[in-house]
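Q: I'd like to learn how to read helix packing and chain contacts in a model like this one. Can you walk me through it?

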Amino acid sequence: MTFVRESWIVFRRQLRMNLRNPAWVIIGMLQPVLYLLLFGPLLEPLISQFGATNAYTFFVPGMLVQLGIFGAFFAGFSLIGEWREGVIEAERVTPASRTALLVGRLVRDELQLLVQALILVGLGYLLGMRASVPGLVLGTALTLLVGGACAAASNALALTTKSEDVMAPVINMVMMPVLLLSGILLPMTIGPKWLQTASDFMPFRHVVDGVRSSFAGDFAANGLLWGGIWALVMFALAIWWGTATFRRENA
Amino acid sequence: MIHARGLVQTFTTRQGREKSEVRAVDGVDLDVAEGEVVGFVGPNGAGKTTTLRMLTTLLRPTSGSARVAGYDVVTHSVDVRRRIGYVSQAGGAFSQARAGDEVVDHGMLYGLSRKVVEERGKHLFEQMQLDGLWTRMPKTMSGGQKRRLDIVMGLIHEPTLMFLDEPTTGLDPQARANLWEHIRGLRDRLGTTVFLTTHYLDEADTLSDRIVIIDQGRIVASDTSENLKTQVAGDLVDLELSDAAHVHDTARRLEAITEGRDSQVTIEGTHVRGRVPRAGRAVPGLLRDLDRAGLTLDSVEIHRPTLDDVFLTLTGRSLRDAETTARTGDGTDAPLPTAADAAGSGLTPGVPPASAADAPQGALR
């Protein structure tokens, strides 16, 4: 009960600051919308070659996961600013649970992601995407899991490096292979064999496949199962890492 | 209130490929009684903040133990946290949030209700001369206001023990003097025990009942400012002779009243200088003695020692030098001394004040 209350206090504070300075939220939001509007139409004539029928039912899931990954990766930057101003230290000197200090922030990130996901899905519908409600719910849930994992990892990275200058290149380095190997823009199945094999080792690819299967209403698909498993595994690992960082002395 | 034995903190640092272990705090014993105001003094890099972080449960001691506010910092860290306030060098309020919101959230993390925190917070704002700033963002506040806001945050759960880490670093002289008033008020009005670190000697001198000096991770002295000055350093007696031929004779006589201490009597032109414990008692006799011997003086000056003299006697280095070494030694985040530092600390080793009237005799405690 105390834990929920403490997480809530941290969450409310974070949300208030986000609302006061929504630049990051808007920038994070704008990117997938631009992809949807400016890249989506290019897929329409090609979609039959991917073995799919609706370009947006194919494309929106990829954009969702991209949003979940990349939006959340930047969550840690605001933490560095707070750390520099002594906020983290001041919070750590209170009796509040260290896990609550992380969880409150993660809930903020998840809420932000949920709002962005709803906007994206709504826009997709307007552009012609078709998906069942259970498929949407399941797909969004997977997105939230993977987003939570990335946000927790980003927070952990932020408290470990304590420097935007170190963090920015690290995130860039991680982001490129993730974007290229997870089939967010184009399906990996149209690539050569070696590229497909390489992408098998990219956990996010399975999550993208899972969200796609779920949007397509294909609940029996292998992709959904593996996507779910990978999302859960990444979520659990990242939460563990994040909590360990907040607990650690000297963070 | 604080009872620490053998606190040690080692860090591993890496220089190129070589790993080396640095003992930032090297066996600190510390006792602070309830209601005391203790100044924890030492050059940057001496281990002040590291010690403080161990006492405030933010850093687990490598070895040794500490009981703070009645509880062990390692095994009962949450109980310690409930009872202590800590104002770090960085502060604690986010510059782009509203001051009042930050105070309320901070207090609520202690389990207090919103109503209680708001009442207390607004009351503390008045006491700390922050009235009308409840909805202001710290980034628009002056340095002094921001520090007072940090102290309000540290006080919101009514701690019995308050830790202040370099509370006035970077403030202008007026803001410092004002903050000193408020820090005194913590004990006088609220009965809070105060443990503050500083590398400004005048600050420790003005605020503390007792001064604990740390150097290179070890406590080198712990006593009242008065005792440290009298016993450790002694007063500086500066005799100016009208005839330079008499300096050696005079130096011998000055040596005789230094009570066998290593007085380091020096001769420079017509000046003879040396350190004498309780010079006020010993010098009249010396003057009569000199008079009888026909050694005439042009002037006599007695300077009360500064805490820097104490530091110099204890460690063989002036606090300033120690700071320079610390800074070039490890390049830590030590802030450069500000103009306020130089103006306020009255720290002028080797350059005695122009006249006896300048000696801070009356200003001492």
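A: Let's start with a helix pair: helix 4 (residues 55–73) of chain A and helix 7 of chain A pack at about 160°, with axes 10 Å apart. This is a predicted model, where local features need pLDDT of at least 70, side-chain atom pairs count only at pLDDT 80 or more, and totals for chains, interfaces and linings use all residues. Residues count from 1 along each chain as its sequence is written, while chains are lettered from A and ligands numbered from 1 in the order in which they are written.

Q: What is the orientation of helix 4 and helix 7 of chain A to each other?
A: Axes are lines fitted to C-alpha atoms, for helices over the stretch in contact, with angles from 0 to 180 degrees between N-to-C directions. Under 35 degrees is roughly parallel, over 145 roughly antiparallel, 65 to 115 roughly perpendicular, and the rest oblique. Helix 4 and helix 7 of chain A are therefore roughly antiparallel. Helices are DSSP runs (H or I, at least four residues), strands too (E, at least two), numbered from the N terminus.

Q: Which residues of helix 4 and helix 7 of chain A make the contact?
A: A contact means C-beta atoms, placed from the backbone, within 7 Å. Among those here are A:Y56, A:V60 and A:M63 of helix 4 of chain A and A:D109, A:L113 and A:Q116 of helix 7 of chain A. The contact divides into eleven nonpolar, four polar and one charged. Nonpolar covers Ala, Val, Leu, Ile, Met, Phe, Trp, Tyr, Cys and Pro; charged is Asp, Glu, Lys and Arg; the others, Gly among them, are polar.

Q: How do helix 7 and helix 12 of chain A cross?
A: Their axes, for residues 98–127 and 222–247 of chain A, come within 8 Å and cross at roughly 130°. Helix 7 and helix 12 of chain A are therefore oblique to each other. The contact includes A:R98 and A:T99 of helix 7 of chain A and A:F246 and A:R247 of helix 12 of chain A. It splits into three nonpolar, three polar and two charged residues.

Q: What is the secondary structure over residues 223–242 of chain A?
A: That stretch is 100% helix and 0% strand, its end C-alpha atoms 28 Å apart.

How values were computed
Contact = placed C-beta atoms within 7 Å.
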